[in-house]
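Hi everyone, thanks for having me. Let's take a look at a protein together, and do ask if a term is new to you.

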Amino acid sequence: MATHNSLSDKEIDGRVDGSNEGSNLCSHDRRVPDNDSMQEPVTSNALYVLCDVISRHRGIVYGTAAGVLAGLQMGTVGWLRSSISPYEIMFCRGIIFLVSVASVSWSAGADYTAADMALYFGYGVTNSLGILAGYVALQFTHLGNATAITFNLPIPTTILGFFIFNEGIAFYDILLFAINVVGIVLVAKPPFLFGIEGDSEGMNEFLGAILAVVALLCIVMSMIISRKLSYREHADPALATVVSGMVSILLTSCILLYTQTWDTPSTFLETVAIPLAGIFGFFANLSIVYALKYERVLTVSVLDTICVPVSFIISAVVVHDIPDLISVVGAILVCLSTCGCLFKRP
């Protein structure tokens, strides 16, 4: 009996030793993989980190995209301003906006109240009037100046966001706000600070500035309405885009019928640029509504001002309107305030 027990113990010990040997072998294989097997984990980890950063800062990503696309939109319209009516461009923009009707969440819309639909209609009206006023402002003032004033959103959105939504303002927000304001002032170069040569040019600049301020106020109101829809948990970017497109078509149709003006593109580039401006505006509109679902109004407004240096680059490269040193410094400050949002805690 004792021999039987000792043999059994040896067998058991042998099995345990064998299992440990196999375990050590497996752990050795895991510890020293070959070079080919190391490439895939490194790549997947990099993609995971990138996706993680984007998911935690998706509002910032959307806001930055909205600013870049808005700058491309204004730059395209600025290039067309001498040959194509802004009302015609706005009409084509409205038609392109209707494409998003296929993405509207109709099932969720069944729960919308009359107040929700009123907010959507208000968004469509303010967004359309704001962009149209910005388009018309380009007929009287430079592309960079019109864009700088039209999309100088941080000042009014900060005030309205604080009083309407009780969104707190930290010292870091104030710092970004101050840098942005200084940059916008240097870019726009207001006449009462920098002066303008010539009476006729001064009058055109003044009228363009007034239209740009109207555009600014309307766009700010559209952002506030969009943020209000997000607080009510009834924000549908596709529906907001459709409503804005419908209002744009109705508004510009009346203007075009009254003025009896419809400019036919004279070149292939103009034919392409008209819908291209609408496409830029389409994705800019979607991006800003999505951004307001995840970020505060102040953060999104600062991010959207990235359109100012974008429009200046287009103005220099395409329109051949080279900015001066003061404008370049202002554009750099705007970019710094935008990049500063990336260091905010999610």
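Which residues form a nonpolar patch on the surface? Before I answer, please keep in mind that this is a predicted model. The patch is made by Trp79, Phe268, Leu269, Val272, Leu276, Ile279, Phe283, Ile313, Val317 and Val318. Together they have about 930 Å² of accessible area.

Now, where do they come from? Two helices give two or more residues each: H13, which runs over 268-294, and H15, which runs over 307-317. Helix H13 gives the most, with six residues.

Let's pick one member and zoom in. Val317 sits in helix H15. Is Val317 buried or exposed? Its relative accessible area is 57%, and we call a residue exposed when that value is over 50%, so Val317 counts as exposed.

For contrast, let's turn to another valine, Val77, in helix H3, residues 58-80. Here the relative accessible area is 1%. Buried means under 20%, so Val77 is buried.

What is Val77 in contact with, leaving aside its neighbours within four places in sequence? The answer is Ile89, Tyr135, Leu138 and Ala277.

One last stop is helix H7, residues 143-150, which is mostly covered. Seven of its eight residues are buried, namely Leu143, Gly144, Asn145, Ala146, Thr147, Ala148 and Thr150.

That's my tour, thank you!

Notes: Residues numbered from 1 in each chain as written. Predicted model: local features only at pLDDT ≥ 70, side-chain atom pairs only at ≥ 80, totals over all residues. Heavy atoms only, no water. Patch = residues over 30% accessible without salt bridge, like charges linked within 9 Å, V, L, I, M, F, W, Y side chains within 5 Å. Areas by Shrake-Rupley, 256 points an atom, 1.4 Å probe, with all protein chains shown as cover. Salt bridge = Lys/Arg side-chain N within 4 Å of Asp/Glu carboxyl O. Helix = DSSP H or I, 4+ residues; strand = E, 2+ residues; numbered from the N terminus. Buried < 20%, exposed > 50% of the residue type's maximum accessible area, 1.4 Å probe, protein only. Contact = heavy atoms within 4.5 Å.
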